[in-house]
Amino acid sequence: MITLASDFGSPYPAAMRGVLARESDARLHDVAHDLPRQDVRESAFWLRFALPEFPPAVHLAVVDPGVGTDRDALVVRAGEHRLVGPDNGLLVPAARALADDPPVAFAAAVGDPASATFHGRDVFAPLAAAVHEEGMTALRETGRLSRTDPVELTLPAATREGDAWRAEVLAVDDFGNAITSVPGAAIDDAARVTVDGTPAPAVRTFGAVDPGDRLVTAGSHGYVECDVREGRGDEAFGLAAGDAVRVVVERPEN
Amino acid sequence: MITLASDFGSPYPAAMRGVLARESDARLHDVAHDLPRQDVRESAFWLRFALPEFPPAVHLAVVDPGVGTDRDALVVRAGEHRLVGPDNGLLVPAARALADDPPVAFAAAVGDPASATFHGRDVFAPLAAAVHEEGMTALRETGRLSRTDPVELTLPAATREGDAWRAEVLAVDDFGNAITSVPGAAIDDAARVTVDGTPAPAVRTFGAVDPGDRLVTAGSHGYVECDVREGRGDEAFGLAAGDAVRVVVERPEN
Amino acid sequence: MITLASDFGSPYPAAMRGVLARESDARLHDVAHDLPRQDVRESAFWLRFALPEFPPAVHLAVVDPGVGTDRDALVVRAGEHRLVGPDNGLLVPAARALADDPPVAFAAAVGDPASATFHGRDVFAPLAAAVHEEGMTALRETGRLSRTDPVELTLPAATREGDAWRAEVLAVDDFGNAITSVPGAAIDDAARVTVDGTPAPAVRTFGAVDPGDRLVTAGSHGYVECDVREGRGDEAFGLAAGDAVRVVVERPEN
């Protein structure tokens, strides 16, 4: 099984699918091809969220603002999963989430690609097919892979000061939900949360507020998110990916 | 075979694909993940249109404005097809179209999902995988399924008064074609149709009018639709999904 | 293996997937369903770019502004590949690229399709499934296919006058890169290129200029393209698909 993810939109992912269908016998599953364009960090968040749902697979992911610079092609072993993509941090949070043991990274010798601008087709897809068909051991023995220290990327952690958190908006999803770096457990017994001065009830489900109303909830990624029922949380709270936020948790008085 | 449909956009469907790939051996086919957002009725129309093209399969569909309320998870048997999704009417028109015999509905015991907001991943995808792998008989014997009367949803029928129909716009498609609830046969021998006072020729194909011109035709769903050749019918006729319309059929004089 | 491409957006491609899943045992791979709407020529460019990456397959492609007119359904043999779609030129550039030998075209008898408006579902998908399951020889023997001279379509070539090229914008991709008909080799040793009076450095990779800056490069399709690093080339150069352009190549002085 090979999964595919990129910020290529359409139709460029078709060329990667073609290469993978030609050079491997793997089942292909698209993750997404509208990852936030050239935004390595928000894309890394989405991969870290989606890839752990899959069974052991080769995960090909390309968000690569540095295409054509001398960044390496990377193959990462994370438990029984393999990740293939550019060495720019994109794969790192997902790799850590995919296995208990620390992931191990290898730089791949890639020769001279046919195109200096489409490494998804010319470098990463053939490499993912080779990892799937030959396995990493064979690639290491033939010298195509060599141990490396990959470019690091850590999703920002929130810091707590009593009932307040200094945090960041990690991502805004398609529904407009603004996902912060505050851990979901922080609002387990909260009554209300104030996000940069905007208050909203802390609830378990969207159904707890009326359509059009703001809410704050522990989202499916495990983080506190700022939402509107049947509306857009990013607009109602004035938030965008990358924004610093101050989140104050108010607990019910006993 | 499992088909997937939702209003999730991207990248949330990837988490459902991952769960299905992990918990079943089924081939996966995406139907669409941009069903009209949180619009159960228009989404039900599209499922009723698309699912009958597939061979017997488990059809997973999630458009679920009531996520987190106490609505049930539903499994429906329709001939050799199985449908899995929320009990809000979404699956009902498709289930009726998939078999001659009336569909039979079961509520599923779903335990405590990991997330209160992402039942696509935590409730419906695991349930669809279980239906595929174990079958409904096994699930009934273990008590996970129990007969239920599902929430009803009937696509609105048009009513005829002589040559006039009181109808509704069931859906507007990606091309801007406005699909009404008037049966296509109503314009079999028509020369012209007037939709809320806007006249257009009744034709068999787009090629019968010039680019940019309005037309009314019996569409591929079996309903009368209001179109513009190489343009948007919804704008030219001033129609949106859910609108009530009065459609007058003019026949040629003999 | 069957690949699918169309300008249908969503959810109509699901009906084609259903037909193919019902009438064949092929693996299905989506190429794209947002090909430039009703633009046969730009769509033909994208097919010519994407399909040669795939192993031998049946390629179903539908961009069909003439649906409902008397244009034929076409099956084309190109080496071990088969192409199925409307006889409007759409398949021709890809067919030429898929094999060294000239492609051979057949018109298909299609009977009276159920719908005059959705030949993707009612004509082309069943035909692609039949080509996959029965093979072209069987279809020829039963008289369903007959040799034909297909509607021609040739992607426009650029013409050279010294260091200047009269060319055309073949396509604009999702990133805003404007792909011209000038062959990439034309700028192999160039220092600078002027496109309709707008100058830009000729470089091998996006990384050679600063973010936000214009560049001209030999793109992954083999053509000269007008780009902006982390921006939109079509806007910076004022170009759209179909535009005529004059491209002047400046070489470094020795």
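Among the residues of chain A, A:Arg27 comes closest to the rotation axis, its C-alpha atom lying at 5.3 Å. For chain B, the residue that comes closest to the axis is B:Arg27, at 5.2 Å (C-alpha). These values, like those that follow, refer to a predicted model.

Chain A can be laid on chain C by a turn of 120° and a shift of 0.0 Å along the axis, with an RMSD of 0.0 Å. These two copies are thus related as by a three-fold rotation axis. Superposition of chain B on chain C likewise involves a turn of 120° and a shift of 0.0 Å along the axis, with an RMSD of 0.1 Å.

In the contact between chains B and C, 19 residues of chain B meet 22 residues of chain C. Sorted by class, the side of chain B that touches chain C consists of eight nonpolar, six polar and five charged residues.

Within chain A, seven strands form an open sheet of mixed pairing, in the order β2-β1-β3-β5-β4-β6-β7. Strands β2 (28-32) and β7 (145-147) of chain A are the edge strands, each pairing on one side only. With direction ignored, neighbouring strands of this sheet are turned by 25° against each other on average. Strand β1 (residues 2-6) of chain A runs parallel to strand β3 (residues 58-62) of chain A, and five bridges join the two. In this pairing, A:Ile2 has A:Val58 of β3(A) as its bridge partner. Helix α1(A) packs on the sheet, where it touches β1 and β2 of chain A, and its direction makes about 160° with that of β1(A).

Helix α2 (residues 40-50) of chain A is mostly covered, with 11 of its 11 residues buried. Among the buried residues of α2(A) are A:Phe45, A:Trp46, A:Leu47 and A:Phe49, and also A:Arg41, A:Glu42 and A:Arg48. The cover over the buried residues of α2(A) includes β1, β2, β3, α3 (92-98) and β9 (164-172) of chain A, together with α1 (12-23) of chain B.

In chain C, an open sheet is formed by seven strands in the order β2-β1-β3-β5-β4-β6-β7, again with mixed pairing. Its edge strands, β2 and β7 (145-147) of chain C, each pair on one side only. From one strand to the next, the twist averages 25°. Five bridges pair strand β4 (residues 73-78) of chain C with strand β6 (residues 104-108) of chain C in the antiparallel sense. Opposite C:Ala105 in β6(C) stands C:Val76. Helix α4(C) lies across β1, β3 (58-62), β4, β5 (81-86) and β6 of chain C, and runs at about 170° to β3(C).

The length of helix α1 (residues 12-23) of chain C was compared with expectation. At 1.5 Å a residue, its 12 residues should span 16 Å, and the end C-alpha atoms are 17 Å apart, which agrees. Helix α1(C) is mostly covered, since 10 of its 12 residues are buried. The buried residues of α1(C) are C:Tyr12, C:Pro13, C:Ala14, C:Ala15, C:Met16, C:Arg17, C:Gly18, C:Val19, C:Leu20 and C:Ala21. Both chain B and chain C take part in covering them: the elements involved include β2 (28-32) and α2 (40-50) of chain B, as well as β1 (2-6), β2 (28-32) and α4 (119-134) of chain C.

Methods
Residues are numbered from 1 along each chain as its sequence is written. Chains are lettered from A and ligands numbered from 1 in the order in which they are written. This is a predicted model: local features need pLDDT of at least 70, side-chain atom pairs count only at pLDDT 80 or more; totals for chains, interfaces and linings use all residues. Helices (H or I, at least four residues) and strands (E, at least two) are DSSP runs, numbered from the N terminus. The expected span of a helix is 1.5 Å times one less than its number of residues. A residue is buried if 20 or more other C-beta atoms lie within 10 Å of its own, exposed if 12 or fewer, and partly exposed in between; C-beta atoms are placed from the backbone. Two residues are in contact if their C-beta atoms, placed from the backbone, lie within 7 Å. Two strands pair if DSSP finds at least two bridges between them. Axes are lines fitted to C-alpha atoms, for helices over the stretch in contact, and angles run from 0 to 180 degrees between N-to-C directions. Ala, Val, Leu, Ile, Met, Phe, Trp, Tyr, Cys and Pro count as nonpolar, Asp, Glu, Lys and Arg as charged, and the others, Gly among them, as polar. Copies are superposed by least squares on the C-alpha atoms of residues with pLDDT of at least 70 in both.
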